[in-house]
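Please look over the sequence and the model below before reading on.

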Amino acid sequence: MADDESGTTRVGPWSVRRSPAERGRASLEIYECGELLDVMVVSALDVHQVLRGARCSADADGPTGFAWGRLPADGSLPEVTFTSGGLLGRSHRPVQVVPLSDSFWLAWSDGPPCGSVQARVPHDDALSVRMRAGRAS
């Protein structure tokens, strides 16, 4: 993960730009190869989406899996696992989760392309979510 002079964080083909919290509403923009994928904005009506999105890339340069979401209300980090393979040869790779702006998190995986991602909040299984990862263009 590397930050440039404009405050943009880059991880492989993905980049993230944080906006300062104006009126208590921090935001996070997610890009893939320079194109906007998602925008998350914190609000008083916010429904916590612990796992908001996941992407994977078959490109051999850099990370092959990327996921993002919102921190639970208590600010704890979810446990994130990338999964690849079929039913007989499935592999699971827990990854490091990086908090951003006290509201969001990012995680990425180096290794075989990911098929799905799970985000689990250890003290609240009701917030555990799994999703298939979209393919990077």
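The model is a predicted one, in which local features need pLDDT of at least 70 and side-chain atom pairs count only at pLDDT 80 or more, while totals for chains, interfaces and linings use all residues. Residues are numbered from 1 along each chain as its sequence is written, and side-chain values use heavy atoms, with hydrogens and water left out.

The secondary structure of the chain comes to zero helices and 14 strands, where helices (H or I, at least four residues) and strands (E, at least two) are DSSP runs numbered from the N terminus. Of the 137 residues, 41% count as buried, a term that stands for under 20% relative accessible area with a 1.4 Å probe, protein chains only. The accessible surface of the chain, computed by the Shrake-Rupley method with a 1.4 Å probe, comes to about 7400 Å², and 50% of this belongs to carbon and sulfur atoms. Among contacts (heavy atoms within 4.5 Å) between residues at least 6 apart in sequence, 49% join residues at least 24 apart.

Strand β11 (residues 104-109) is mostly covered, with five of its six residues buried. On β7, β11 pairs in the antiparallel sense over six bridges, and Trp108 in β11 stands opposite Phe66. Strand β7 (residues 65-70) also pairs with β6 (residues 53-56), antiparallel and over four bridges, and there Gly53 has Trp68 in β7 as its bridge partner.

A further open sheet is formed by four strands in the order β9-β8-β12-β13, and its pairing is antiparallel. The edge strands here are β9 (91-95) and β13 (129-132), each pairing on one side only. Neighbouring strands of this sheet are turned by 20 degrees against each other on average, direction ignored, with axes taken as lines fitted to C-alpha atoms and angles running from 0 to 180 degrees between N-to-C directions. Strand β8 (residues 79-84) and β9 pair in the antiparallel sense over five bridges, and the bridge partner of Ser84 in β9 is Ser91.

Terms used
Two strands pair if DSSP finds at least two bridges between them. Buried means under 20% relative accessible area, exposed over 50%, partly exposed in between (1.4 Å probe, protein chains only).
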